[in-house]
Amino acid sequence: MALDTTLERLTSPWDHLAQENTFVGFLDTLLRGCGQVMFQNNPLTGLLFLVGIFINSALLGGAGLIGLLVSTLTARLLRADRSLIRAGLFGFNGILTGIALAFFLRWNPYLIVYIVIAAILSAVVMMALLHFMGNWDVPALTAPFVLTAWLFLFGIYLFSNLRPSEFILPVSLNPGAVVQTDLRPLPAGLIGAGVTPLNLVEAFFRGIGEVFFQDNLVTGIIFLVAILINSRISALFAALGSLVGMLTALFLFGGNGFWVFHGLYGFNAVLTGIAIGGLFYVLTWESALYAVIGTLVSTIVMASISVFLSPLGMPALTAPFVLTAWLFILPKAGFHVLHPVALTDVTSAEHIRHDFLEREHEAGVGRTVQPAP
């Protein structure tokens, strides 16, 4: 509680300035868009996310800023709902799109134009999915990013001025191949391999960093601290997601040890844990268990989609998270032990739980004071 009060005092002047000054307000929108990648509507969290990205790669950070700026401006120019823009809901798919294209394609001036066009499309797709999925009160999540990035990555094979990096080269399936399960930092060789405390720590934090394509221990630590600043519950489920993804792949199913080390089984589980663990369902012990199951499923879905796309040379991106989260959110009306949260009521996990408990208390008081018939 003391931490919340301190942070509120620190951010209150900024919030006031963002309301009064147009430039500061737009900067605040951009930072919130960055934070919304992990459902954190907080400019300080978004700022720390950017710091973590630039610590790992200035190139990816610059590409992400282009995507963030263009997607947000597109929504403003097309006069999307102001509250949605201010909450950063058009920026987070744009920043992911920019980083992804810079990560999977070789850098040149044409790539900048490519990122700009893709960021514009991500805002358009976001609005389309907001309307389409809104009919079921289901969030669009990072689906606009996934669809946009896939379309633009497939397109490069018929463009001579855009070349793929080594990260999206097609790989032929070999069902008889032995999966290399040693936890290791390199795909070949056993130097530094093994289930050591350092390797486990690396895998854990890289799983959080990989949400933004940041394969970096320090960046992962910064990201977790950034989430903690806005929501302790979300930070807990981000940590649980990375942990479940890592342990499930490494010890339960015998996943690729190189993938585990670099957090590739963890980042979709991180997003799934945050989404289901307190945001789109009120946090109870039942929904917490439901979220943990979701993180486990997303780890398996990551492997499945990766196998499906590997002959095409396409990355899974956050598609495993989107698919898993949708599958776990759509049944909300039928599982009566869970308490779904309407999209318009999604804030932070703490506020959602506090409001729910208040309503439960008021309903209980109302029942006790009613006169007997």
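The following legends describe an overall view and several close-up views of a predicted model of one protein chain.

**Figure 1. Overall view of the predicted protein chain.**
The protein chain contains 16 helices and zero strands. Its C-alpha atoms occupy a box of roughly 75 × 50 × 40 Å along the principal axes. The radius of gyration is 21 Å, which agrees with the value near 21 Å for a compact globule of 373 residues. Of these 373 residues, 51% are buried. Among contacts between residues at least 6 apart in sequence, 73% join residues at least 24 apart. The accessible surface of the chain amounts to about 17,400 Å², and 70% of this surface belongs to carbon and sulfur atoms. The chain carries 15 positive and 19 negative charges, whose mean positions lie 6 Å apart.

**Figure 2. The aromatic pair of phenylalanine 103 and phenylalanine 213.**
The structure holds 18 aromatic pairs, one of which is shown here. The ring centres of phenylalanine 103 and phenylalanine 213 are 5.7 Å apart and the ring planes meet at 35°, so the pair is classed as tilted. Phenylalanine 103 belongs to helix 6 (residues 91-104), whereas phenylalanine 213 lies in the loop between helix 9 (197-209) and helix 10 (217-230); the pair therefore ties together parts that are 110 residues apart in sequence. Phenylalanine 103 has a relative accessible area of 23% and is partly exposed, while phenylalanine 213, at 9%, is buried. The cut-off that separates these two classes is 20%, since buried means a relative accessible area under that value. Both residues belong to one aromatic cluster, formed by Phe103, Phe104, Phe145, Phe167 and Phe213.

**Figure 3. The aromatic pair of tyrosine 290 and phenylalanine 335.**
A pair of aromatic rings is described by the distance of the centres and the angle of the planes. For tyrosine 290 and phenylalanine 335, the centres are 6.1 Å apart and the planes stand at 80°, so the pair is edge-to-face. Tyrosine 290 is part of helix 14 (residues 285-309), and phenylalanine 335 is in the loop between helix 15 (319-329) and helix 16 (349-369); the pair thus ties together parts that are 45 residues apart in sequence. With a relative accessible area of 13%, tyrosine 290 is buried. Phenylalanine 335 counts as partly exposed, its relative accessibility being 41%.

**Figure 4. Glycine 334 in the loop between helix 15 and helix 16.**
Glycine 334 is partly exposed, with a relative accessibility of 48%.

Phenylalanine 39 is buried, at a relative accessible area of 14%. Arginine 79 is exposed, with a relative accessible area of 76%.

**Figure 5. Surroundings of histidine 262.**
Histidine 262 is situated in the loop between helix 12 (257-261) and helix 13 (267-276). Its relative accessible area is 11%, so histidine 262 is buried. Leaving aside residues up to four places away in sequence, histidine 262 touches Pro185, Arg206, Glu210 and Asp215.

**Figure 6. Surroundings of proline 139.**
Proline 139 lies in the loop between helix 7 (109-134) and helix 8 (143-155). Proline 139 counts as buried, with a relative accessibility of 8%. Apart from residues up to four places away in sequence, proline 139 touches Met133, Phe280, Trp326, Ile329 and Leu343. Proline 139 and threonine 344 are separated by 205 residues in sequence, yet their C-alpha atoms are 10 Å apart in space.

Definitions and conventions:
Residues numbered from 1 in each chain as written. Predicted model: local features only at pLDDT ≥ 70, side-chain atom pairs only at ≥ 80, totals over all residues. Heavy atoms only, no water. Helix = DSSP H or I, 4+ residues; strand = E, 2+ residues; numbered from the N terminus. Rg over C-alpha atoms; globule rule 2.2 N^0.38 Å. Buried < 20%, exposed > 50% of the residue type's maximum accessible area, 1.4 Å probe, protein only. Contact = heavy atoms within 4.5 Å. Areas by Shrake-Rupley, 256 points an atom, 1.4 Å probe, with all protein chains shown as cover. Lys, Arg positive; Asp, Glu negative; His and termini not counted. Charge placed at Lys NZ, Arg CZ, Asp CG, Glu CD. Phe/Tyr/Trp six-rings, centres within 6.5 Å; stacked < 30°, edge-to-face > 60°.
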